[in-house]
Amino acid sequence: MYVISAKLTFIIEHASSLKDKRQVCRSLIEKTRNRFNVSISEVATQDIHQTLTIGLAVVSGDADHANNMADEIIRYIENNADADLISIEI
């Protein structure tokens, strides 16, 4: 069994409140879960209204498949986020 986890940090420049941030977060998480059926959640910086930190995990029986899925999910998130991706930790 192979597990790949990633932590992605975004800046949401237009967020002026936690409500704005939550809207971006919920939308991004729901779209990603629906498309990939992946474990994904906000994992840090919950009280900072312009910073969003999301964690995700991919589990597979094949290391190449797990790596490819993680790469595809990260690309999807980067292209569909209403925020700027500033760091990725795998």
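Contact here means heavy atoms within 4.5 Å. I start my notes with that, then go through what I looked up.

**Ground rules.** This is a predicted model, where local features need pLDDT of at least 70, side-chain atom pairs count only at pLDDT 80 or more, and totals for chains, interfaces and linings use all residues. I number residues from 1 along each chain as its sequence is written, and side-chain values use heavy atoms, with hydrogens and water left out.

**Confidence.** I checked pLDDT, the predictor's confidence in each residue, from 0 to 100. The chain averages 91, and 100% of the residues score at least 70. Next I went by element; helices (H or I, at least four residues) and strands (E, at least two) are DSSP runs, numbered from the N terminus.

**Valine 58.** What does valine 58 contact, leaving aside its neighbours within four places in sequence? I found Tyr2, Val3, Ile4, Val38, Ala66, Met69, Ala70 and Ile73.

**The core.** I then looked for nonpolar cores, meaning sets of buried Ala, Val, Leu, Ile, Met, Phe, Trp, Tyr and Cys residues joined through side-chain atoms within 4.5 Å. Buried is under 20% relative accessible area, exposed is over 50%, and partly exposed is in between (1.4 Å probe, protein chains only). The largest core has 25 residues, and Val58 is among those with the most contacts inside it, as are Phe10, Ile40, Ile54, Leu56, Ile73 and Ile77. Two or more residues each come from β1 (2-11), α1 (18-36), β3 (51-60) and α2 (63-80). Helix α2 gives the largest share, 6 residues. As a rule, nonpolar side chains in soluble globular proteins tend to be buried together.

**Methionine 1.** Methionine 1 is exposed, with a relative accessible area of 78%. Not counting residues up to four places away in sequence, methionine 1 touches Val59 and Ser60. Its C-alpha atom is 21 Å from that of arginine 33, which is 32 residues apart from it along the chain.

Which way does phi point at asparagine 37, positive or negative? I read a positive value near 50°, in a residue other than glycine. Asparagine 37 lies in the loop between α1 and β2 (39-44) and is exposed, at 73% relative accessible area. Threonine 45, also not a glycine, has a positive phi near 55°. I placed threonine 45 in the loop between β2 and β3, partly exposed at 23%.
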